[in-house]
Amino acid sequence: MFDLPKFKRALIYQRPINMRWGENKLDALYEQHHGFKLQIGVALLFYNAKRDCLKLFFRDALGSSELQKIVPRGGFMLPAPIAGQDFLEISPNLVIRLFRG
């Protein structure tokens, strides 16, 4: 088992993305909506259209990292989208439960 990074805030993007997107695309998506680059201590959670794959993107003192989790059957239970918001703040504990559970 691996340790998840320590982060103060977690945000979920409320639309599915292509899981092949990397650091540059994810950074640009966040910057487009917030006006600045992702800061250390903030984790971003993304999902695909089938909701069977999650991607966690974050920065730490060493740079950026991505973790992916795939569920072969079923999918992930994610918070309901809120109209007018592209990123929704979620509990860091929810991220830990999704990746460990």
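Select strands β2 (residues 42-47) and β3 (residues 53-60), which run antiparallel and are joined by 5 bridges; strands here are DSSP runs of E with at least two residues, helices are runs of H or I with at least four, both numbered from the N terminus, and two strands pair if DSSP finds at least two bridges between them. This is a predicted model, in which local features need pLDDT of at least 70 and side-chain atom pairs count only at pLDDT 80 or more, while totals for chains, interfaces and linings use all residues. Residues are numbered from 1 along each chain as its sequence is written, and side-chain values use heavy atoms, without hydrogens and water.

Within this pair, pick alanine 43, whose bridge partner in β3 is phenylalanine 58, and then arginine 51 in the hairpin, which has 5 residues between the strands and where arginine 51 takes a positive phi near 60 degrees.

Next, show the side chains of β2: Val42, Leu44 and Phe46 point one way, Ala43, Leu45 and Tyr47 point the other way, and all are buried (under 20% relative accessible area with a 1.4 Å probe, protein chains only; exposed is over 50%, partly exposed in between).

From β1 the chain crosses through helix α1 (residues 23-34) to β2 in a right-handed β-α-β crossover (clockwise from the first strand over the helix to the second, with the strands pointing away from the viewer).

Finally, select lysine 69 in strand β4 (residues 63-70), where a polar atom of the lysine 69 side chain lies 3.1 Å from the backbone oxygen of leucine 98.

Terms used: A polar contact is a pair of N or O atoms within 3.5 Å; within protein, one must be able to donate a hydrogen and the other to accept it, and residues adjacent in sequence count only if both atoms are side-chain atoms.
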